[in-house]
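Dear colleague,

I am passing on the structure below, together with notes on what turned up when it was examined. Could you please look through them before we next speak?

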Amino acid sequence: MELVGFNDLQARSAYQPVIQNQNGRWIAYVGHHGGTAAVPKPMNPLTGQAEFNGTSIIDVSDPKAPKYLHHIPGEEGQDENGGAQMVRVCSGKGLAKGDPNKFYMLRVFGNSAHEVWDVTDPSEPKRLSQIGGLKGTHKNFWECDTGIAYLVSGLPAWRTRRMTQIYDLSDPAKPVFIRNFGQPGQQPDATGPIPEELHGAISTGPAGNRVYFGYGTNKNGVMQIVDREKLLSGPAAPTNENLLYPQVGKLELSPKTGAHTAFPILGLTDPEFANDRDAKRDFVLIVNESLVNECTEARQMAWIADVSVEAKPQIVSNFTVAEASGNFCARGGRFGTHSSNESMTPIYYRRVVFLAHFNAGVRAVDIRNPFSPVEIGYYIPATTDKTTPRCVKVDGKDRCKTAIQTNNVEVDDRGYVYIVDRANTGLHILQLTGEARKAANFPQ
């Protein structure tokens with residue numbers, strides 16, 4: 001992999017990038033964590049004002065020269081307690097009550113709300129609606145062909161910090177509540193142990209009729225497969241029976257393993273088994289998140305589960321970066337996976353996935369044989385004067401090191417790869433090179 005372009009994102013800690021083609025103009029939207037104790041409100045050079053971290057909007061039409069367009073401030077607070085980490089974007093053409101000439105952005109506002117913005121002019125976004133009164137938000141999913149949104153929320157009455165609220169956002173200015181959802185035991189008035197909190201969901205929409213939920217980050221992971229139609233139209237009262245009604249499959253992982261991202265890879269035919277019965281199978285890529293610095297926890301990895309028999313998913317392979325290949329435990333910061341790309345562009349879908357690996361950068365993995373994934377490329381960005389150090393306690397004192405912290409990754413329909421850094425380094429735009437490009441499906 002090689003570097004194509006770079007933007008420092010105003011030295012803001014970055015979480016999630018998404019890239020939208022807006023009438024031939026390619027726009028990247030990047031969600032940010034809150035600020036730091038040292039710099040709670042970084043300066044926005046476009047306005048000359050210090051602003052709480054929120055959402056960056058960048059024109060990446062020319063990936064060699066990305067242009068920063070606008071910053072929307074987020075909620076006051078540091079690290080996970082502020083900012084606007086999550087972002088999704090939809091064209092109004094697919095939303096039943098949206099304006100077909102407009103584009104809309106869904107984002108979180110700290111931990112307290114979800115917001116929908118009109119970003120038709122990405123240099124002058126306008127807020128349309130807000131869903132507030134929450135205690136925890138995170139990585140939402142928005143169906144751009146229906147407007148159904150699976151919002152990671154936290155309701156004061158629920159027993160967990162994060163669960164699912166489902167809204168119809170087909171009219172972005174007028175959210176319509178559908179139901180609350182979670183694992184049995186998380187709902188109000190439940191008793192007994194509380195299952196691990198939600199991290200995020202990915203839907204295959206009406207055609208696929210499945211929603212894949214990931215619970216847990218670095219421990220007690222659960223990958224849950226849900227019938228979308230039953231979820232949306234089934235009984236909504238949050239009883240144990242009603243919460244289980246749409247479930248068609250569930251995979252409980254080790255107490256040492258999370259389920260940060262559950263990315264469905266459906267209808268994959270492994271050439272090795274092309275002549276076998278049931279050669280075409282369904283898989284889910286389950287990615288855990290490393291949460292602590294310098295390997296002071298169980299290694300977090302990527303796992304591939306065969307979900308062809310939905311009621312009995314099974315792990316068939318895994319992937320991690322060899323620690324000795326870069327002495328990563330001693331480099332500083334986190335080492336291990338965090339997330340995968342979630343775009344299903346035909347250039348990469350069923351072929352290559354990209355994994356954010358913190359101080360090991362981003363890894364391109366060939367999954368055409370899902371039983372034996374193979375790394376085909378990687379890129380570890382250089383630190384800059386804006387990269388902030390990460391610390392661990394040694395004999396009661398902080399020992400700090402500066403290392404890249406590649407946090408999230410996404411791809412666009414042109415095949416470019418976008419990675420953002422948790423340690424304030426910025427946005428890197430990459431491309432596959434050499435033999436690695438042959439694993440993908442670039443237009444001829």
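A salt bridge is taken here as a side-chain nitrogen of Lys or Arg within 4 Å of a carboxyl oxygen of Asp or Glu, and a search of the whole structure on that basis finds 25 salt bridges. Please keep in mind that this is a predicted model, in which local features need pLDDT of at least 70 and side-chain atom pairs count only at pLDDT 80 or more, while totals for chains, interfaces and linings use all residues. Residues are numbered from 1 along each chain as its sequence is written, and side-chain values use heavy atoms, with hydrogens and water left out.

Among the salt bridges is the one between the side chains of Arg88 and Glu342, with an N to O distance of 2.8 Å. This pair links distant parts of the chain, 254 residues apart, since Arg88 lies in strand 8 (residues 87-91) and Glu342 in the loop between strand 24 (335-340) and strand 25 (352-358); strands are DSSP runs of E with at least two residues, numbered from the N terminus. Arg88 is buried at a relative accessible area of 9%, and Glu342 is buried too, at 11%, where buried means under 20% relative accessible area, computed with a 1.4 Å probe on protein chains only.

Another salt bridge joins the side chains of Arg107 and Glu115 at 2.9 Å, N to O. Arg107 has a relative accessibility of 1% and counts as buried, as does Glu115 at 2%.

In a further salt bridge, between Arg422 and Glu289, the closest N and O atoms are 4.0 Å apart. Arg422 sits in the loop between strand 31 (417-421) and strand 32 (427-431), whereas Glu289 sits in the loop between strand 21 (280-287) and strand 22, 133 residues away.

Strand 22 (residues 302-306) pairs with strand 23 in the antiparallel sense over five bridges, and Ala305 stands opposite Ile315 in strand 23.

How values were computed
Two strands pair if DSSP finds at least two bridges between them. Helices (H or I, at least four residues) and strands (E, at least two) are DSSP runs, numbered from the N terminus. Buried means under 20% relative accessible area, exposed over 50%, partly exposed in between (1.4 Å probe, protein chains only).
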